[in-house]
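Here's a protein to look over together. Take a minute with the picture, and then we'll walk through what can be worked out from its atoms.

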Amino acid sequence: MTATFSFLLAPLQYDFMQHALLLAALAAVPAALLSCLLVVKGYALLGDAISHAVFPGVVIAYMLGLPVAAGAFVAGLLCATLTGYLHAHSRVRQDTLMGVVFSGMFALGLLLHAWIRSSVHLDHILLGDLLGAAAPELLQSAAVALLVAAALALKWRDLLLHAFDPVQARVSGLNTAALHYGLLAAVSLTVVASLQAVGLILAIALLIVPGATALLLARTFGRMLCLSCAAAVLCSVLGVYLSFFLDSAPAPTIAVLLGLAFTAAFARSLWQARAARRGNAPASAARQGV
């Protein structure tokens, strides 16, 4: 029994695993909170677009000797702003424009990375480097988590109204432009915080799957936020923990667990729907008999 307990606690004996577990939890919180808004608003592709579009900002910041996080944040905002401008001045659908912008910016990042031949390994940018987390990354993720959580605590009702009915939000006197670009800035910040945790490619998993999972289980937005955070943090921490024993990369392991959580929530919702139909069948037959 003691040997089994020691075996299960083996990952916690290493400092790099402790840092990785903490960073995974910190990166999951803001992503899970924003995930609910992105799913409700139908902006799933926006998270995907920004997560890929920050890549040229990362490379340019490296070339100029600037903080990588600053370059990623600026590139993310540029992607969102450019998409909005093109949507306002063309007849092309917004989801199509997002695909055009993020694929173009991501390809530009790949070209720049190949051109400068940097010492930064591409896999660390695309897939994250949780096991290499240090104090600066932990502080950055903690700051982003606190900032996003505080902003949503203050403005979640306004953001929710803007997500469901932008016209009503504008008529009510809300600054819809500030809400829109504030949401874009928060998503960009969260992607920056996710760079070390899951990388650019799998950031979409943290930004979309927790909210989609919670949507299947919750009937109120407040409960949806709580379930989304719980699912994201649990899958992130468990993914890092299991990767130690499976000898796998933490980021893909986290993404797989998030997918399994969504599958379980979807199966539960189907079972509940079928149970409700079976329960309504006798009542309907009785009414027809009467």
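## A walk through the chain

Of the contacts in the protein chain with a separation of 6 or more, 75% are between residues 24 or more positions apart; a contact here means heavy atoms within 4.5 Å.

A quick word on the ground rules. You're looking at a predicted model, where local features need pLDDT of at least 70 and side-chain atom pairs count only at pLDDT 80 or more, while totals for chains, interfaces and linings use all residues. Residues are numbered from 1 along each chain as its sequence is written, and side-chain values use heavy atoms, with hydrogens and water left out.

What is the chain built from? The protein chain has 13 helices and 0 strands. Both are DSSP runs, numbered from the N terminus: helices are H or I with at least four residues, strands are E with at least two. The radius of gyration of the protein chain is 21 Å, close to the 19 Å from the globule rule for 290 residues, so the chain is as compact as a globular protein of that length. That radius is taken over C-alpha atoms, and the rule is 2.2 Å times the number of residues to the power 0.38. Along the principal axes, the C-alpha atoms fill a box of roughly 80 × 65 × 30 Å.

Now for the surface. The accessible surface of the protein chain is about 15000 Å², and 69% of that belongs to carbon and sulfur atoms; the areas come from the Shrake-Rupley method with a 1.4 Å probe, and for residues only the protein chains shown count as cover. Buried residues make up 43% of the 290. Buried means under 20% relative accessible area, exposed means over 50%, and partly exposed is in between (1.4 Å probe, protein chains only).

| Residue | Relative accessible area | Class |
|---|---|---|
| Serine 188 | 0% | buried |
| Aspartate 158 | 22% | partly exposed |
| Lysine 155 | 44% | partly exposed |

Which residues does serine 188 touch? Sitting in helix H10 (residues 176–197), serine 188 touches Ile50, Phe73, Gly76 and Leu77, leaving out residues up to four places away in sequence.

The other two residues in the table are partners. The side chains of aspartate 158 and lysine 155 meet in a salt bridge (3.8 Å, N to O), meaning a side-chain nitrogen of Lys or Arg within 4 Å of a carboxyl oxygen of Asp or Glu. The two are 3 residues apart in helix H8 (residues 135–164), so about one helical turn separates them. By this rule, the count comes to 1 salt bridge.
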